[in-house]
Amino acid sequence: MRWLVVYCHPLPDSFCAAIRDTAVAALKKAGHQVDLLDLYAEGFDPVMPATERRRYNQMTMADHPVPVHAGRLKAADAILFIYPTWWYGMPAMLKGWLDRVWTPDLAFRIPDAPGPVEPLMTHVKSLGVITTYGAPRWWIWFVGQPGRHTILRGMRALCARKCQRLFLALYQFDNSTPEKRSGFLRTIEKRLARF
């Protein structure tokens, strides 16, 4: 499969970078092709200008604001998001990428009459998230897991009907030990080998 790994963390020496490297190596070892999209390293601009927002609902692939990223998204059979969870959600950079790249005529089609949008990402057969939380698992469940639901419910609805989902999280990251972090990396290797 062709995996698009969307990575979002501003620090090149973060634990998220270790997660990224582990995930990419595991996917390649399993025989997959990997396209690594590092939003900070590429200097992605997450800000949607007013002119782009005004034409958003009528946007077509011909006038997509980020055509290179749109092409990479169209080429993917599977997508893996790797990011830290901050304030119960994804970093603003990643949210801006979703806003600016998952557009009409690429990710979905807006119907002419009232009704649901038509999914256009049906070529995506697998969708995954690997993230870290500062809070404990019970607290994230209590607040409704907003980051997890954005991707694995909302974005997944635009993908293949039987799209597989993967969610891996390291909770209480701020107080984690080196052993706990190493164990999490081993879990990533095992889960991606089977996914």
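**Entry 1: Ala76**

I began with Ala76, which lies in the loop between H3 and S3. The model I am reading is a predicted one.

I then looked up which residues are in contact with Ala76 once its neighbours within four places in sequence are left aside. I found Arg2, Leu4, His123 and Val124. I also checked Tyr56, which is 20 residues from Ala76 along the chain. The C-alpha atoms of Ala76 and Tyr56 are separated by 23 Å.

**Entry 2: the sheet**

I next traced the strand order. The sheet is open and has 5 strands, in the order S2-S1-S3-S6-S7, with parallel pairing. Strand S2 (33-38) and strand S7 (164-170) are the edges; each has a single partner strand, so one side of each is left without a neighbour in the sheet. From one strand to the next, I note a twist that averages 15°.

I went through the pairings in turn.

- S1 and S3 are parallel and pair over 5 bridges; Tyr7 is opposite Ile82 in S3.
- S3 and S6 run parallel and are joined by 7 bridges; Ile79 is opposite Leu127 in S6.
- Strand S6 (residues 126-132) runs parallel to S7, to which 7 bridges join it. Gly128 is opposite Leu166 in S7, and Thr132 has Leu170 of S7 as its bridge partner.

**Entry 3: helices on the sheet**

I then asked which strands are touched by helix H3 (residues 67-74). Helix H3 packs on the sheet and touches strand S1 (2-7), S2 and strand S3 (78-84). The direction of H3 makes about 150° with that of S2.

Helix H6 (residues 146-155) also packs on the sheet, where it touches S3, S6 and S7. I recorded about 175° between the direction of H6 and that of S6.

I looked up how many residues of S3 are buried. The count is 7 of 7, so S3 is mostly covered, buried being under 20% relative accessible area. In a regular strand the side chains alternate between the two faces of the sheet. I therefore sorted the residues of S3 by direction, with buried again taken as under 20%. Ala78, Leu80, Ile82 and Pro84 point one way, Ile79, Phe81 and Tyr83 point the other way, and all are buried.

For S6, I likewise found 7 of its 7 residues buried. Both of its faces are covered. Ser126, Gly128, Ile130 and Thr132 are on one side, Leu127, Val129 and Thr131 are on the other, and all are buried.

**Entry 4: the buried side of H6**

I asked which residues of H6 are buried. They are Gly147, Ile151, Leu152 and Met155. These residues cover an arc of only 115° around the axis, and so they lie on the same side of H6. An α-helix has 3.6 residues a turn, so residues three or four places apart point the same way.

Lastly, I looked up what the buried residues of H6 pack against. I noted S3, helix H4 (92-101), S6 and S7.

Technical notes. Residues are numbered from 1 along each chain as its sequence is written. This is a predicted model: local features need pLDDT of at least 70, side-chain atom pairs count only at pLDDT 80 or more; totals for chains, interfaces and linings use all residues. Side-chain values use heavy atoms; hydrogens and water are left out. Two strands pair if DSSP finds at least two bridges between them. Helices (H or I, at least four residues) and strands (E, at least two) are DSSP runs, numbered from the N terminus. Axes are lines fitted to C-alpha atoms, for helices over the stretch in contact, and angles run from 0 to 180 degrees between N-to-C directions. Contact means heavy atoms within 4.5 Å. Buried means under 20% relative accessible area, exposed over 50%, partly exposed in between (1.4 Å probe, protein chains only). The arc is that of the directions from the helix axis to the C-beta atoms.
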